[in-house]
Amino acid sequence: MMGRLIAQNRAFAGALALFAALFVTYNLLHPRGFSSAVFVQNANEAVAIAFVAMAQTVPVLMRGLDLSVGAVMTLSACVASYLLTGSGLEISMGILAVLATGTAFGLMNGLIVVHGRLQPIIATLATGAIAIGLALILRPQPGGNVDGDLSWAMTNTVWDLADTYGIAGGGEAWWIRPFADIPMPLVLLFGVALLVWLPFKRTVTGRTVYAIGSAEGAAYVSGLPINRAKLAAFTLAGFFSACAGLYLALQTSTGNADTVQAGAYTLNSIAAVVLGGTALAGGIGGAIASIIGALILRVISFYFRILDIEPLLQPLIEGLVLLLAVSAGAWRTFAVKNRLELFR
Amino acid sequence: MKTEDKPLVIAAGFTLVILLIGTGYMLSTSGTMPLLQPTYLLQQLQIGSFLGICAAGLMLVILTGHIDLSIPATLTGAAMIATAVGGPWAIPAALAFGLAVGLVNGAGTAVLRVPSMIFTLGMDTVLRGVTVAQTGGFAPQDQATPLMLTLAKGRFLGIPLALYAWAGVSILIAFLLARTTFGRALYAIGTRERAAYLSGIRIRPVIIGAFVASSLCAALAGVLLAGYSAKAYQGMGNAYLLPAIAAVVLGGTNVLGGSGRYAGTLIGVILIVLLNSVLSIMQMPEALRQIIYGVVIIAMLLIYGRGQRETG
Amino acid sequence: MTDAPIIALRGITKSYAGIRALEGVDFAAHRGSVHGILGENGAGKSTLIKIISGVVQPDAGEMRLDGQPVRFASPSAATAEGVVCMFQELSLIPDLSVADNISIAAPPRRMGLIDRKAQLRRAEELLARVRCEDLDPRMMVRDLSLSRRQMVEIAKALGRDPRVLILDEATSALTAEDVQTVYDLLGRLKAEGVTVLFISHRMNEVEALCDRLSVFRNGRHIETFAKGERTDAEIVRLMIGREVTAKYPPKPAPTARPPVLKVEGMEWEDALKGVSLTLGKGEILGVGGLDGQGQKELLLALFGVLKGVRGRVDLGGRRLPSSPIAAKSGEPRVALIPEDRKTEGLMLPLSIADNLVTAAFDRIGRSGVIDPARLEAAVKDGIARLQIKLGHPSDPVRTLSGGNQQKVVIAKWLMTDPDIILMNDPTRGIDVGTKQEIFRMMRDLADGGKSILFYSSDYAELIGCADRVLVLYDGRVVRELEGDAISEEAIVGASLNIGTAA
């Protein structure tokens, strides 16, 4: 049972093992050892890229790419920087509006790809520019007003959340004690994965996303809803990007239409997807795997701090790790016995 | 009208529309027509030549069905090497750097068969890392050599030398595509790599050749841009990747490879350059520029009506 | 069988890119019968079932299901009405599990989500119906052998409660045991009132299973009759039409030929288990056998595509080529007409001229620079040599008919002036007229001193064309036939390895 699961998800198992090794070593090397504060900080830094990686996963699974995920994240963060303030009701509506923004943008991507019959890569390159433009209109300068309580509660532990809002006896209730030290960012991340991604995967639409990437012709003759799945994939990508934007706004308390950052998030999302073991050729992998991929990317950057590596070397090492990781898969190329299999 | 001419005609028509809008705007606001003055146009094209050279090389890669995301760092790196080396070896050193980047990209894509999207992305990150580590994140103090300054800013017969460089690259690429077996092989591989392999086409050298062309062009653009700005600086190549992809695609090249003509890429570059200059004449804020940019790409591709290539 | 037909077609016509695939077809099948559909490749059988199962839509005509006019816009629409097709190209998703695939479009659900446990139970039940209880439904389809995949495909079709079940070459890769299981299953389905449309090239299967037979030829429905009404010879005549005589050019008398290719004990993975053969100069050596007995791998190995091939190969003093590039250059030169012309032989969107020269760049220029005059001459030569019917050489090759496309593939390789030509089923899906031209050309080439290794899935072609025939079974040559010994009985017998001893 276990054996088959590992054999069928070798790439995912490998990514998980790599992450575990990197993270444990990191904490062993850390001058203060494992501490809740550092853990919370680490989690905070990893959440946005993890959400964007989830977003990228869905189009990649059906052999597409979404080059607008970073831009949609940025746009959502800029929207959030206006709306996450006021009364509880206003903030709740604001959160919904932020998520709706990204989701609608993703839906637009899907409509262009499905009904305009454009290549996803080039269509989302263009819509990404539009998203950045809208973000710049909203926030020509970085700024914003985000509810302080919310920001604090969401970027710290479960206990802090309970304490801030005075729920569960201000965090002292017996049933919340076991969870008190879990960072809220991880709760949010895995909450969304659990409540959105896993159910989606278990719908016919979600299955169709995989089938399109695996064998589109077979998916068609099997009577699967191809267009609906493509629409859903881009819409879901928009939703996850909005989650990233929302979190970014909570974390930084500002909205910032940073073009460079948007581009970096998009490109890193692809890297995270590949590191997690999702095939760019589609059909294999999943959003959970991409979260692991994103965490690997982030853990590597944590090492720079504790190993006293000059920050200037950071991008170089990140790039080398990425190149090595993707080239390591090349042994399969050399093991192929029928060279025709190498070519489409 | 043949179907593959359609994008060219539409793009050329749209370029004229942009010119007309810009001219109309200037006439109504200041009563002048700078856009139609040769000196202004030449100056715009001079700035556009850096983009044009990048797009020319990138087109070869896109024709094979791959992509080169390492153009920004290659351009920046070449510029920094040229200014750091200085003297007569400045330009050869920069081009040698481009050659090396292209070889690595090509090897990763054609030999290791890592998806080019991810391999060239990693390459870009590594090169960026090298330049950051090298310069300490600050603008390097080195200056462009006199030859680079001349190449980028000088004029011959009233026409900027950079335009000659662009024209030279264009003639070379157009010749490669139309009149060499290398060009035929690019189209064949981009259309159906499996059939190309079974036809006994040398897949690896051709793909590596395309990446080398792309990196060499990016390096040349870096040398010229460093000459134009008199120095090299961090991130100077960032503004060239997406417009280059857009220019190639707007020129009618299939982003999945296999079809496209160089004349289209040329028109695509001119369209983007003129669009940029009209937007700056109209003092359009960056935000609206981005939006217009995206809308133009989507709208034009929808007009071309090119469907997805059949899969499976 | 007096009741109204379950499925009835009237005047169905369908063209692809100007080529008629079906013309004015009337066809009917009755409830609770197994209805065989016979015809050569390209006779219109595939188009017929694609129309019935909603994959393509007819240009004209009417289809009735149980008396009601229907028009299926997609395969799912057909499935919803109980018309289920098992396609020749498998419709399974390799990266999903067997259970996922069996319930692919309509899985059991709980609260809107796929119920994995119920799905697993359902898969187990259906697999049991096709006697594949040993198959773990949690396996990925990509990890299954071709024969297992076909059984999963059958289980998947059963799970859709078919009223009309279409089996298109569904048994081509099955083991004898599985074939028996399928026979039994079809018997039970028939008793339950299900109509089965059965398409197979294996005459004995059709004879054993079907109650009624319909013969198609050149896109037309020729005749429908009950089993036993016609002899085999009559059926073959109906399938082939009148041109049965002058179809193949005359063969030369057997002579001793100097060998240009000698293979001894060639092994590769599971597919080749010690193939030995000799190919003589000017000889057409046929390769036969059931699909998937190593024929394709043999050709690919000789063309330098496969890695890790063992055994002795003497190719005019050379060893096995290491790549297609090595194969097509040097002495003797080898060419391969590949299996699938659409994805392996041609670049469909590129022009006819571009396609013609892709294998012979050295002929059209010097050191990589194309000489337009030589290019034009080469293209003209290639078109003239095979009498390719086209509008203009700059038209995309995809605008040509299947037969002319295949001619382009062959002309492309003749441009390299090959000494040995490997042909992988070169007449698949081609009209009869072009087939004859190709056979004529093959013989001319052989007479001109070229050697041809010719794999065909159609025994008649081997009988009509080849000087000698090798029959492969399970990666080995089990029979070698020459001269008058090349007969349908001998090839079929050897193909099934049932030893109709000579």
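**View 1. The loop around A:Arg117 in the predicted model**. A:Arg117 is partly exposed, with 14 other C-beta atoms within 10 Å. That count lies between the limits, since a residue is exposed at 12 or fewer and buried at 20 or more. A:Arg117 is found in the loop between helix H5 (88-115) and H6 of chain A. The phi angle of A:Arg117 is positive, about 55°, although A:Arg117 is not a glycine.

**View 2. The contact between chain A and chain B**. On the side of chain A that touches chain B, at least two residues each come from helix H6 (120-138), helix H11 (204-221), helix H13 (259-276) and helix H15 (314-328) of chain A. H6(A) gives the most to this side, with 13 residues. Sorted by class, the side of chain A that touches chain B holds 32 nonpolar, eight polar and four charged residues.

**View 3. Helix H4 of chain C and its buried face**. Helix H4 (residues 116-129) of chain C has 14 residues, which at 1.5 Å a residue should span 20 Å; the end C-alpha atoms are 20 Å apart, in agreement. Buried in H4(C) are C:Gln119, C:Leu120, C:Ala123, C:Leu126 and C:Leu127. Seen down the axis of H4(C), the buried residues fall within an arc of 130°, so they line one face of the helix. An α-helix has 3.6 residues a turn, so residues three or four places apart point the same way. C:Lys117 and C:Ala128, on the other side of H4(C), are exposed. The cover over the buried residues of H4(C) includes helix H3 (98-102), strand E8 (113-114) and helix H5 (146-158) of chain C. Just after H4(C), C:Arg131 takes a positive phi of about 55°.

**View 4. The loop that holds C:Asp161**. C:Asp161 is found between H5 and strand E9 (164-168) of chain C. With 11 other C-beta atoms within 10 Å, C:Asp161 is exposed. Its phi is near 45°, a positive value in a residue other than glycine.

**View 5. An open sheet of three strands in chain C**. The strands follow the order E14-E13-E16, and their pairing is antiparallel. Strand E14 (272-280) and strand E16 (310-315) of chain C stand at the edges with a single partner strand each, so one side of each has no neighbour in the sheet. From one strand to the next, the twist averages 5°. Five bridges link strand E13 (residues 259-268) of chain C to E16(C) in the antiparallel sense. C:Glu267 has C:Arg310 of E16(C) as its bridge partner. Helix H9 (residues 295-302) of chain C lies across E13 and E14 of chain C and runs at about 65° to E14(C).

**View 6. A cis peptide bond at C:Pro332**. The bond from C:Glu331 to C:Pro332 is cis, with omega near -15°. C:Pro332 has its place in the loop between helix H10 (324-328) and strand E17 (334-337) of chain C.

**View 7. The hairpin of E22 and E23 in chain C**. Strand E22 (residues 468-473) and strand E23 (residues 476-482) of chain C run antiparallel and are joined by six bridges. The bridge partner of C:Leu472 in E23(C) is C:Val477. Two residues lie between E22(C) and E23(C) in the hairpin, and C:Asp474 in the turn has a positive phi of about 50°.

Conventions:
Residues are numbered from 1 along each chain as its sequence is written. Chains are lettered from A and ligands numbered from 1 in the order in which they are written. This is a predicted model: local features need pLDDT of at least 70, side-chain atom pairs count only at pLDDT 80 or more; totals for chains, interfaces and linings use all residues. Two residues are in contact if their C-beta atoms, placed from the backbone, lie within 7 Å. Helices (H or I, at least four residues) and strands (E, at least two) are DSSP runs, numbered from the N terminus. Ala, Val, Leu, Ile, Met, Phe, Trp, Tyr, Cys and Pro count as nonpolar, Asp, Glu, Lys and Arg as charged, and the others, Gly among them, as polar. Two strands pair if DSSP finds at least two bridges between them. Axes are lines fitted to C-alpha atoms, for helices over the stretch in contact, and angles run from 0 to 180 degrees between N-to-C directions. The expected span of a helix is 1.5 Å times one less than its number of residues. The arc is that of the directions from the helix axis to the C-beta atoms.
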